[in-house]
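Student: I have just been handed a new model, and I would like to get to know it. Could you walk me through it?

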Amino acid sequence: MSIDFFWRIPTHGEPSSHRSRTPYRGDWLQGQDHIRNPGLGGGGRDGYTYIDYIAEVAHAAEISGFHGGLLPSFPMTDEPWAISSFLARETKTFRFMIAFQPGFLNPVTAARMTASLQRATGGRALFNVITGGGGPVQLWWGDSFSHDDRYARTTEFLDVLRGVWQGKPFNYQGRFYQVEDAALPFPLNEEAFPEIYFSGSSDAALISASKHADYYLSWLEPLSQLRDKFERVKARTDQLGRKIKCAVRVDIVARATEEEAWREVRRGFENLDAQQLERYKQQQARIGDSVGGQRQSTFRPKTISDYRDLIIEPNIWSGFNLLRGGQGQGIVGSYEQVAQRLDDLVALGADAFILASTSHLEEAYRVGEEVLPLVRGRQKLHAETPGLLSAVR
Amino acid sequence: MTIEFLWQLPAASDARLADATRYKRGERLPGEPRPYVDEVTDPRGSRFNYFDYLHQIARAAELAGFDGIQVQHDVQGDESWIIAGYLARSTRRLRLLAEFEAARGSAVYAAKNAVSYQRFTGNRFAWQLSSGGTEQERRQQGDFLAEDKLLQRIDEFLITAKGVITQSPFSFKGEFFEVLDGGFQGPLANNAVPRIYLSGNTPTAYELSARQADVHLFDGAAVVDAQKALAELQILLQQQNRNLSAGIRLDVLARETEEEAVFDARRFWQQSGFGKGGDEQPLAPNLWSLPVAYSGARASLIGSYEQVAQRLIEYIEAGFSSFLLAASPHLEEAYRIGEYVLPLIHKHLAEHPSLAA
């Protein structure tokens, strides 16, 4: 059984480290309308835009040993389909994991888009199927379906996508989608069907994932809970006679020593202004109908006055969403410790990882060079010879 | 009025001869035999496919002096947005016009994707919304909408997409699309709406264009007929107090002499089955009702370089400013038209500045 490492692409700007929230890279920082410093080369526009920085990160990830990267999609981000097609020609091995909500595309169109992207990249497209967090944001996207209807729609979307992919006339009568004699044209139908990483923590999500997902993808949660979650989805999938793998999306801070790693987190925490911390404490109220979001927020302590209040297990810090948007929990430690934590996750059922660390360019190299070589996977080398690796380094 | 020449990219197939529908240049299709005898080695392996060829056409169009490319919507071929994105970073100034249907999905999602295209290309992305094929073809695309609702859906698609690109908060609830407190923030706000190209020759289509289009693309027709159609649209534009550019969609087959051009056109018709048997006659000087590429055009200009240039100038004089042209094979013909026909038109425009003012 293989273990695949993916990286994450920052689709809405990027601070230069975890110490700061200021997105120096990209044009999300007000007054900075392109990547180059104003004033350089006469100060005019130089023709570069944020896609040029994204290309740098994608190249760093493929050079550093990652399979590719997750391209997140939120209201404030650039869009994964655009990024993938733009970078198809100038990357070699980088696989584009496109996050999208199936409800936003006609499944027959999506099949043709996907097959075209496979053709444009030599089979490097895959999906992170997300089904939306509900609340006002869902209406912002123009989607008024309820939580469980959205998952039912996701299932139907994937039914149709698989159906038309066979290249033979396919008929479908669903609640959300109908097609009559639909088929992906030759030779688009010769392409590999994209691997599906599926996100969602609710029961409705597990039902949909067990039918269609190759990988069930979860944010990092306390290890015992994560084990339960993986076991639940595997049990459900077994009932259908299918196999599913599991994957973990996790932010990390890895340094040569644990002390240096925590220093990054401490500096990031101390650089927050009081308002940001206050907003964070009150965030619980506005999570929409996302069960994953609710699960993350239950791990949050009542009082937070020091970054250490957010350490919930050795090397696990739950304040990452204070430093940037997204998930709360992540791994902090020395290269050996981070690798050990990843091995722990492998031991409880993870087959793939989507890692992230700020800045994604420099950290792709660091993690690729320092952490991935220490991951032992299922070889259990750590268990048999504890401390050996740290001793020789 | 600024004159633009767009070159069409064939989304499904292209080759030297009229059996182009069977081939994708740059790509040996699964099951297709090796083109050479066994002793002759083939260094290509499977390193290239049709995308590499499309890339060449786009570069050819840019190098040869076209202002943009139109990526055809063809459900038998690769998808137009993916092709446009794939070509974006290899082209510097070409307008990237992607043709698609409003059935493709959420209008907000399309708008948000378009914002990324605009940000990454310096606003070179453009939209051509078409109504799709026959009812049966649309059902194959998962689209069961009645024929008489197609334009309303395009209308709502554009209201929603333009709304969220240009305003925040923006709300709309129509029959097909809705959004509540939408609109983009930060660097995703204040980006240019893709230039909108629409077509159709019914009063309802003209009404829609009068409200929503930046360019209305008319079907190829004799100048006098095209002018009549344009006059109809102009009445509606005056009522709306709006303006737009008139475009026309033509195939072109230009050779050094008219005789060579007609000879090649007849060969294409014979091979493709478009012609009736060699007795076709032109509709107007150099204008034939048969296409000379698989482009969807309803008419072709066929003649010497000078004749084709002169006919195109006549459309400019009649008020047309956007030309969607195609000829097969699209790579070689992009160079040919760019080298022999466009310069004659640009020279004429330079000598008659009022035409391009």
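Predicted model: local features only at pLDDT ≥ 70, side-chain atom pairs only at ≥ 80, totals over all residues.

Student: How many residues of chain B are in contact with chain A?

Tutor: Contact means heavy atoms within 4.5 Å. On the chain A side, 50 residues take part. Chain B contributes 50 residues.

Student: What area is buried between chain B and chain A?

Tutor: Buried area is the accessible area (1.4 Å probe) that two parts lose on being put together, summed over both. Carbon and sulfur atoms give 55% of it here. Arg89(B), Tyr109(B) and Phe120(B) supply 18% of what chain B buries against chain A, more than any other three residues. The area between the two chains is about 4,600 Å².

Student: Which residue of chain A meets Arg89(B) in a salt bridge?

Tutor: A salt bridge is a side-chain nitrogen of Lys or Arg within 4 Å of a carboxyl oxygen of Asp or Glu. The rule finds nine of these across the interface of chain B and chain A. In one of them, Arg89(B) is joined at 3.1 Å, N to O, by Asp52(A).

Student: Which element gives the most to the side of chain B that touches chain A?

Tutor: Helices (H or I, at least four residues) and strands (E, at least two) are DSSP runs, numbered from the N terminus. Elements that each supply at least two residues to this side include α1 (50-63) and β6 (178-182) of chain B. The one that gives the most, with nine residues, is α3(B).

Student: Is His348(B) buried or exposed?

Tutor: Buried means under 20% relative accessible area, exposed over 50%, partly exposed in between (1.4 Å probe, protein chains only). His348(B) sits in helix α10 (residues 330-351) of chain B, and its contacts beyond four places in sequence are Ile313(B), Glu317(B) and Leu355(B). Because its relative accessible area is 16%, His348(B) is buried.

Student: How far apart in space are Ala318(B) and Lys228(B)?

Tutor: Ala318(B) lies in the loop between α9 (305-317) and β12 (320-326) of chain B. In sequence, Ala318(B) and Lys228(B) are 90 residues apart. In space, C-alpha to C-alpha, the distance is 9.9 Å.

Methods
Residues numbered from 1 in each chain as written. Chains lettered and ligands numbered in written order. Heavy atoms only, no water.
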